[in-house]
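Me: I would like to learn how to read a structural model feature by feature. Could you take me through one, giving the general idea before each case?

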Amino acid sequence: MVGSQLANASNFTLDLAIAVYAVAMLGYALDLMVRGQARVAGMAARGAGREGGEPAGEPVPAEALVAAAAPGGLAGPASAGGMSPADLAAFGAEPAEPSELADLAGGGTDAGPPAGLSPGSPDPAATSRWPGSRWLRRAFALTCAGLVLQLAAMVLRGIAEHRLPWGNMFEFIVAISCAAVLALVGAAVRFRSYYMGLFVLLPVVVALGVDVTIVYTAAGPLVPALQSYWLGVHVTAMIIAMGMFIFGAVVTVLYLLAERSERRAAAAGGAGPGGTGGILALLPRAQALDRLAYRAVLFAFPAWTFGVIAGAIWADHAWGRYWGWDPKETWSFITWVVYASFLHARATAGWRGRRAAVIQLAGFACVLFNLVGINLWVAGLHSYAGLH
Amino acid sequence: MTADQPAPAGQTDAQVRLGLAGWLRWGWRQLTSMRTALVLLFLLALASIPGSLLPQEGINPQAVSQYYAAHPALAPFLGRLSAFNVFGAPWFAAIYLLLFTSLAGCVLPRAFRLARSAGQPPPNAPRHLSRLPHSVRLSTPAGPDEALACASGMLAARRFRTRRGDGWVSAEKGYLHEVGNLVFHIALLGLLASVALGALVGYKGNRLLVAGDTFANSPTGLDVLRPGRLISGGDLQPFSITLDRFTARYVSAGPERGQPAYFGAALRYNTSPGAPMRPYNLQVNHPLIVDGVRVFLIGHGYAPVFKVTDGTGAVVYDQATPFIPLEQAGLTSAGVVKVPDARPEGLGFAGVFLPTAVGVNGRLASAFPAALFPRVSLVSYAGNLGMDGGQPQSVYNLDISRMHQLAVRPVPLAPGQSITLPQGRGKLTFQGYRQWVSLAITYDPGQFPALISAIAALAGLILSFAVRRRRVFIRALQASADDELAAAEPAPHAVVEVAGLTRSDAAGGFEEEFAELVGQLRGALDRVAPASDAPVLVKGE
């Protein structure tokens with residue numbers, strides 16, 4: 001049968017995608033290694049350079065980057081000078097991030113100067129949208145290739161089944177891991193967060209590995225309860241939101257590590273941001289990670305809200321009530337409330353930073369429990385996992 | 001306390017009242033603080049968890065009974081804590097009512113503040129623009145006034161609200177950020193009100209209706225009625241529905257044989273007693289909406305028609321008896337016939353209806369859900385049915401504890417066939433069958449407001465995340481001779497400082513917008529007073 005051949009082709013393509021992701025992870029790891037070595041070498045060179053009066057080692061002022069990026073050829077002698085956040089407090093401004101651009105760009109500059117320590121002149125590579133480092137570029141290209149393969153696997157399976165390929169838990173995990181990689185690629189291009197590659201692909205590859213071995217369900221028709229176009233609306237929104245939530249959670253874990261290392265460094269007497277060495281020194285500052293995670297949630301939260309509303313409309317059509325505290329509904333509500341807490345905590349003095357990050361991870365734990373726990377252990381109207 | 005000392009007494013009284021007001025104000029401030037809202041949000045999430053892990057009365061009452069049987073020690077304790085009715089529990093209501101009070105107390109004053117500030121111009125430009133997060137200095141051959149007019153025009157063209165002062169321009173944009181935020185929160189209040197409306201004046205009901213029968217939407221006409229708190233029997237919309245015919249079509253061949261392909265119930269209904277009847281074809285997912293009430297088709301089955309004559313020759317039973325499907329593939333259905341008034345003794349029959357009867361290894365089964373070869377197989381009992389004790393009985397169960405089985409040859413009956421009962425107890429005739437549908441009736445006046453509130457909340461959320469509120473300030477000064485820019489330029493007349501500030505740049509991108517604004521200003525200034533190779537001093541201090 002053509003359908004089963006297509007389904008087999010889909011499985012093969014998915015295996016291939018997982019392999020490509022694994023190789024991409026290797027590339028990201030190599031990039032970190034090369035940059036780590038360059039950083040050690042750079043520290044030694046800076047010690048020598050300082051004697052020669054080189055301006056190396058100064059952070060790029062964000063203003064210089066703004067000028068370089070601005071149309072109309074704005075350019076001029078960049079003078080160093082950070083502005084003090086205290087000046088802004090009077091206006092109730094968001095904490096500005098003078099070094100964020102420099103931090104993010106630092107991950108992508110060629111020859112790997114460590115984050116936040118690019119040379120003192122406006123570097124065209126620093127403002128480029130694409131990754132600068134050779135290994136990073138290769139790893140990112142592989143990530144994109146893996147994503148294309150994974151999308152192809154989903155399309156093949158959809159054609160084999162004559163339906164959207166997210167009707168059971170196996171397909172759902174494929175779809176949300178695909179959404180997580182999409183979030184990774186989108187954020188990388190938009191916010192130049194290429195450095196996230198290794199950390200996002202790690203859970204994606206593990207989840208896909210478990211998915212194709214343990215959770216696997218053969219291609220088949222949809223159970224009657226799911227035969228509705230609301231599947232396309234409600235479940236797709238949930239998939240996109242969950243992909244972004246995964247991305248946000250991974251960034252937040254890194255944030256918590258970076259924040260701890262910065263706190264320790266400050267306590268130890270100011271070795272400077274990321275001065276403790278290790279992988280963290282190659283990543284942007286904690287504040288930049290915090291903002292990246294926040295942006296992921298800012299995108300995911302409305303998507304989740306939309307998904308819940310679409311689910312309520314579907315429930316109303318199918319079951320005659322828009323909300324009935326079914327376990328899946330209850331946990332999507334709990335997830336929504338916890339992420340709403342995170343958004344509020346981030347705007348509340350005393351809760352910003354570490355506490356808000358912990359709340360975000362609690363929200364992600366709810367997402368995971370709703371996906372795994374409710375599907376496997378709690379019976380309800382949403383029992384479509386297809387597992388026996 | 002004496003009459004000639006009224007003043008101190010009054011004073012004390014005033015102090016007490018002031019103290020109380022002070023406490024109230026303090027309490028209100030605490031309640032409406034973000035910190036309290038956060039704690040309440042957490043509590044709401046936490047309180048919902050038992051509702052998903054323990055069986056709930058409103059969703060699955062049978063599971064609650066099972067839980068009581070399985071955990072006889074724990075269950076009554078949990079029951080006292082409303083753990084089996086979490087979402088109707090007083091403590092759950094306390095949390096969300098406090099949360100929404102806190103929300104209202106926070107959001108409404110903000111809405112008034114926004115309404116006031118909407119009519120006001122942007123604030124004065126700060127003195128030291130270079131201290132703002134984004135700032136740039138430009139030089140231009142144009143004069144300060146000319147430069148400011150140019151900047152003001154450029155910002156106004158970009159839909160900034162601008163204000164001109166002595167040597168400065170200030171501009172603000174992005175009020176929709178706060179508008180979106182407020183719309184989101186107020187819509188949540190609307191959502192709560194909609195849900196409350198549905199719980200107070202809505203109701204749900206069920207009715208099993210045999211073809212040919214009519215029912216009225218009233219407490220007696222419905223099999224089950226779950227009214228809202230403010231609903232009494234007389235408040236139900238007085239429509240009635242007659243089921244003329246139920247049609248089911250099934251896939252008749254191939255691997256999906258027996259799968260349903262179509263269900264349709266041909267109804268007639270009116271909106272009040274005596275009003276003309278109107279036809280409607282009720283289908284799954286196409287509810288009938290009558291007077292704001294939705295009627296769903298949620299099930300169907302067979303009702304065999306029996307006629308029972310007792311030992312005296314009197315017809316003691318003659319009606320269609322709904323049997324309940326035991327399985328969907330062949331719609332084998334079970335049911336009972338109760339004839340407590342038969343003489344000499346009460347009669348009872350329990351059995352199955354087989355739409356397409358076939359013999360499988362000597363046992364009867366139904367091979368197809370449509371009634372292609374209908375048969376009924378019954379076991380007959382005589383004795384006391386236990387229906388006079390006042391204890392309500394299910395119409396689908398026969399209590400045979402005080403009955404004895406009659407010796408009747410177990411032959412499946414075809415329509416028209418009879419069984420004659422031994423010892424002159426009479427006769428039962430299987431006259432044929434009718435079909436029945438099960439209808440769910442729901443009335444929820446909060447449903448549409450809830451949808452509107454949810455859409456408004458989502459729109460507000462997106463607006464508040466996508467729009468940033470930002471201010472741009474511009475100062476222009478006559479260039480002095482010792483200014484480094486003036487020294488570098490042949491004929492600069494003004495040094496223009498541009499600074500930007502954003503309060504809510506959640507999604508990022510203000511840097512880019514600011515750079516673009518500066519570029520546009522540069523271009524505008526060049527058009528006003530062309531300068532050759534005018535340098536820009538970035539962040540000069």
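Predicted model: local features only at pLDDT ≥ 70, side-chain atom pairs only at ≥ 80, totals over all residues.

Me: Let us begin with secondary structure. How many helices and strands does chain A have?

Reply: One starts by counting the elements of each chain. Chain A comes to eleven helices and zero strands, and its pattern along the sequence is α-α-α-α-α-α-α-α-α-α-α. Chain B, by contrast, has ten helices and 24 strands.

Me: Why is chain B described as more spread out than a compact globule?

Reply: The radius of gyration is set against the value that a rule for globules gives for the chain length. For the 541 residues of chain B the rule gives 24 Å, whereas the radius of gyration is 39 Å, well over that value, so the chain is more spread out than a compact globule. The C-alpha trace of chain B spans about 130 × 90 × 50 Å along its principal axes. The domain division points to the parts involved: domain 1 (17–115), domain 2 (123–174 + 469–537), domain 3 (180–202 + 446–461) and domain 4 (203–443). Between the C-alpha centres of domain 2 and domain 4 of chain B there are 82 Å.

Me: What share of the residues is buried in chain A, and what share in chain B?

Reply: Burial is judged by counting neighbouring C-beta atoms, with 20 or more within 10 Å taken as buried. In chain A, 49% of the 388 residues are buried; in chain B, 37% of the 541 residues are. Among contacts with a separation of 6 or more, residues 24 or more positions apart account for 76% in chain A and for 65% in chain B.

Me: How does one check the length of a helix, and what does H5(A) show?

Reply: The end-to-end C-alpha distance is compared with the span expected at 1.5 Å a residue. Helix H5 of chain A (residues 134–161) has 28 residues and should span 40 Å; its end C-alpha atoms are 41 Å apart, which agrees. Helix H6 of chain A (residues 169–191) reaches 32 Å, close to the expected 33 Å. H6(A) is also mostly covered, with 17 of its 23 residues buried. After each helix comes a residue with positive phi near 55°: His162(A) follows H5(A), and Arg192(A) follows H6(A).

Me: Which residues have the most contacts inside the largest nonpolar core?

Reply: A core is traced by joining buried nonpolar residues through their C-beta atoms. The largest one here has 122 residues, and Phe247(A) and Ala296(A) have the most contacts inside it. Helix H9 of chain A (residues 286–319) gives the largest share of this core, 19 residues. Domain 1 and domain 3 of chain B both give residues to this core, so it lies between them. Leaving aside residues up to four places away in sequence, Ala296(A) touches Ala183(A), Ala187(A), Met244(A), Phe247(A), Gly248(A) and Val251(A). Another core, of 55 residues, lies apart from this one and includes Leu209(B) and Val437(B).

Me: How should I read a sheet, and which strands stand at the edges in chain B?

Reply: Strands of a sheet pair through backbone hydrogen bonds, in a parallel or an antiparallel sense. In chain B, five strands form an open sheet in the order E13-E14-E15-E18-E19, with antiparallel pairing. E13 (324–325) and E19 (403–405) are at the edges with a single partner strand each, so one side of each lacks a neighbour in the sheet. Strand E18(B) (residues 375–383) is joined to E19(B) by three bridges, and Tyr381(B) stands opposite Gln405(B).

Me: What takes a positive phi in the hairpin of E16(B) and E17(B)?

Reply: Strand E16(B) (residues 357–360) pairs with strand E17(B) (residues 363–366) in the antiparallel sense over four bridges, and Val360(B) stands opposite Arg363(B). Two residues lie between the strands, and Asn361(B) takes the positive phi, near 55°.

Me: Where is the cis peptide bond placed that involves Pro344(B)?

Reply: Here one reads omega, which is about 10° for the cis bond joining Arg343(B) and Pro344(B). Pro344(B) sits in the loop between strands E14 (333–339) and E15 (347–354) of chain B.

Notes. Residues numbered from 1 in each chain as written. Chains lettered and ligands numbered in written order. Pairing = 2+ DSSP bridges. Domains from an automatic or database assignment. Rg over C-alpha atoms; globule rule 2.2 N^0.38 Å. Buried ≥ 20, exposed ≤ 12 C-beta atoms within 10 Å, placed from the backbone. Contact = placed C-beta atoms within 7 Å. Core = buried A, V, L, I, M, F, W, Y, C linked by C-beta atoms within 7 Å.
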